[in-house]
Every structure is written in structure tokens, then in C-alpha cells.
Amino acid sequence: MVVLRREIGDVLRDARQRQGRTLREVSSAARVSLGYLSEVERGQKEASSELLSSICDALDVPLSLVLREVSDRVAVAEGLLIPDTVPADLTACAGVGGTDRALGGDAGWAMPRSELAPVG
């Protein structure tokens, strides 16, 4: 059975570790206790939407990308096929190119938030 809080925690921990940052650095920036952030990353605590937003801000990662990666992981666990690319019409609308595997592609997390184009 997929436990959403574990998937969220895994995605947040992966993002933090890819940045080479410590729990202490991120917890301070997010204004959440180190222990609580650790429990969220280990999937032991449910993060509220406000807390999740604060952690994403501290990581300088859009919440939408975190949720996309979590969604993709859940879909894979459910046996669904996940496309490796963003549909061409969405790519053109957003003004980005390349693959969009939220945590592992050429676009996505490697691009600073300030460079992500708003849609609409």
C-alpha cells in the first residue's frame, strides 16, 4: 500500500540531499523544528499544506514539482504508465523544453525558480 506521507518525505529528502543541504539548514529556513522536518522526511508525520509550502520555499523548489513527483511515484506504484515528457502544447505554453521528470530530468529542479515561466 502506498503511504502518501512517505512519498512526500522521500521527495523532500531527495531534493534536500541533491542540494547538499543539512536538515538543520532547511529546518531553519523553513522555520520548522529539525526533529519535525526529520519526521516528515521519514514519512512519520503528515505535513500540512502550509508546512509543505514552507519547506518547498526553503528548498527553493516549486510545490507543484514536488506534488508532480509524488503523483508520478504513486502512479508507478499503482502500475500506471507515466510519460517521460511534457506534452508539446504544454511545453510551448510554458516556454520550456527538454524532459520534465520533476526530480531527474534536464528541466525541472536544475532550473532556479526565478527561471521557471508561469503558465497562462
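Modeller: What follows is a run of questions on labels and the values behind them.

Colleague: What kind of model is this?

Modeller: This is a predicted model.

Colleague: How many helices and strands are there in the protein chain?

Modeller: The protein chain has six helices and zero strands. Read from the N terminus, its elements run α-α-α-α-α-α. Of its 120 residues, 35% count as buried. The accessible surface is about 7,000 Å², and carbon and sulfur atoms hold 53% of that.

Colleague: Which residues have the most contacts inside the largest nonpolar core?

Modeller: They are Leu12, Ile55, Leu59, Val66 and Val70, in a core of 19 residues. Helix 1 (4–18), helix 2 (23–30), helix 3 (34–41), helix 4 (49–59) and helix 5 (63–77) each give two or more residues to this core. The largest share, six residues, comes from helix 4.

Colleague: What does Leu59 touch, not counting residues up to four places away in sequence?

Modeller: Leu59 touches Leu12, Ala15, Arg16, Gln19, Arg21 and Val26.

Colleague: Why do you say that the buried residues of helix 2 line one face?

Modeller: Start with the list: Val26, Ser27 and Ala30 are the buried residues of helix 2. Seen down the helix axis, they fall within an arc of 100 degrees, so they line one face. An α-helix has 3.6 residues a turn, so residues three or four places apart point the same way.

Colleague: Which exposed residues does the face turned away from the buried side of helix 2 carry?

Modeller: That face carries Arg24 and Ser28. The buried residues of helix 2, in turn, pack against helix 1, helix 3 and helix 4.

Colleague: What makes helix 2 and helix 3 roughly perpendicular?

Modeller: Their axes cross at roughly 110 degrees and come within 9 Å. Angles of 65 to 115 degrees count as roughly perpendicular. The two helices are therefore roughly perpendicular to each other. Leu23, Arg24, Val26 and Ser27 of helix 2 make the contact with Leu34, Leu37, Ser38 and Glu41 of helix 3.

Colleague: Why is Arg31 called exposed?

Modeller: Exposed means over 50% relative accessible area. Arg31 has 80%, so the label is exposed. Arg31 lies in the loop between helix 2 and helix 3. Its phi is near 60 degrees, a positive value in a residue other than glycine.

Colleague: Why is Asp60 called partly exposed?

Modeller: Buried is under 20% and exposed is over 50%, with partly exposed in between. Asp60 has a relative accessible area of 43%, so it is partly exposed. Asp60 sits in the loop between helix 4 and helix 5. Phi of Asp60 is near 55 degrees, again a positive value in a residue other than glycine.

Colleague: And Glu39: why is that residue partly exposed?

Modeller: The cut-off for buried is under 20%. Glu39 has 24%, so it counts as partly exposed. Glu39 lies in helix 3. Leaving aside neighbours within four places in sequence, Glu39 is in contact with Gln44 and Lys45.

Colleague: How far apart are Glu39 and Gly9 in sequence and in space?

Modeller: They are 30 residues apart in sequence and 8.3 Å apart in space, C-alpha to C-alpha. For the protein chain, residues 24 or more positions apart account for 59% of the contacts with a separation of 6 or more.

Note on methods. Residues are numbered from 1 along each chain as its sequence is written. This is a predicted model: local features need pLDDT of at least 70, side-chain atom pairs count only at pLDDT 80 or more; totals for chains, interfaces and linings use all residues. Side-chain values use heavy atoms; hydrogens and water are left out. A nonpolar core is a set of buried Ala, Val, Leu, Ile, Met, Phe, Trp, Tyr and Cys residues joined through side-chain atoms within 4.5 Å. Buried means under 20% relative accessible area, exposed over 50%, partly exposed in between (1.4 Å probe, protein chains only). Helices (H or I, at least four residues) and strands (E, at least two) are DSSP runs, numbered from the N terminus. Contact means heavy atoms within 4.5 Å. Accessible areas come from the Shrake-Rupley method with a 1.4 Å probe; for residues, only the protein chains shown count as cover. The arc is that of the directions from the helix axis to the C-beta atoms. Axes are lines fitted to C-alpha atoms, for helices over the stretch in contact, and angles run from 0 to 180 degrees between N-to-C directions. Angles under 35 degrees count as roughly parallel, over 145 as roughly antiparallel, 65 to 115 as roughly perpendicular and the rest as oblique.
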